[in-house]
Amino acid sequence: MNNTLLKLLQSVDTPTVCNAIEVAQGKRGFNSFTRGNMLSSDPGSRPIVGYAVTAKISALVEPTEPKEVIRARRMDYYRAMSEGAKGVMPSVAVVEDVDYPNCIGAYWGEINTTIHKAFGMNGALTNGVMRDLGDMAEDFPVIAPSVGPSHGFVHIKEVNTTVDIMGMTVEVGDLIHADRHGAVVIPKNITDKLEAAIQKLLNSEKIILTPAKQEGFDFAAFEKAWQAFEESRV
């Protein structure tokens, strides 16, 4: 991903990217996005854009594996996040809580956001729980469906594995765009078309938005603008 595309992706919201993917594909039906309500730890922050470094966690019940196994896997996790951040910039932590929909363990809070930001990552995406709102690392957004007070028995289950985030499958290295609306996986085969697709989408939206914001906009003006708008869309 070149810097021009990165800056453009960081300047638009996730619904825009979702629509632009359809423009790039030349058809509707793109469905690699999260389902359900998602929250942002900082709703006014920039979108999260980055390549996925993945893992699975659990917190509902105490782990039965030996403590040394749990500790070793935890270090494997942090090593993977650190190396992933160095290997594919920018990067995003994508962590599935396997307890969903009964998640209780707030893995993302002040400590983990500070650590992952220090590794050089751009943010985190999860189907689990976050906490410490107001105390998280600055400029490290977390996108999650819920907020809670406890970390439960949180522990790492798998590292660098395929994960499911609210109905969206994520593989290691997938390009993610996420904000308070949710997240999408950007298909690899349209990355080189995405910049032009976003610009085309924004230009087409102006066809209806510009006259709609002007005085005297009535049904006749709407009908004319909408016809032009429809002709410009996928």
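**Close-up 1. Met166 is a buried residue with a positive phi.** Met166 has a relative accessibility of 9% and counts as buried (under 20% relative accessible area, with a 1.4 Å probe and protein chains only). Its phi is near 55°, a positive value in a residue other than glycine. Met166 lies in the loop between β10 (163–165) and β11 (168–170); strands are DSSP runs of E with at least two residues, and helices are runs of H or I with at least four, numbered from the N terminus. This is a predicted model, in which local features need pLDDT of at least 70 and side-chain atom pairs count only at pLDDT 80 or more, while totals for chains, interfaces and linings use all residues. Residues are numbered from 1 along each chain as its sequence is written, and side-chain values use heavy atoms, without hydrogens and water.

**Close-up 2. Asp132 also has a positive phi, of about 60°, although it is not a glycine.** Asp132 is found in the loop between β6 (129–130) and β7 (142–144). With a relative accessible area of 29%, Asp132 is partly exposed (between the 20% limit for buried and the 50% limit for exposed).

**Close-up 3. Tyr100 and Pro101 are joined by a cis peptide bond.** Omega is about 10°. Pro101 sits in the loop between β3 (91–97) and β4 (106–108).

**Close-up 4. Helices α5 (residues 191–212) and α6 (residues 219–232) are roughly antiparallel.** Their axes, lines fitted to C-alpha atoms over the stretch in contact, come within 8 Å and cross at roughly 170°. Angles run from 0 to 180 degrees between N-to-C directions, and those over 145 count as roughly antiparallel. Contacts (heavy atoms within 4.5 Å) involve residues including Ile207 and Ile208 in α5 and Phe222 and Trp226 in α6.

Technical notes: Angles under 35 degrees count as roughly parallel, over 145 as roughly antiparallel, 65 to 115 as roughly perpendicular and the rest as oblique.
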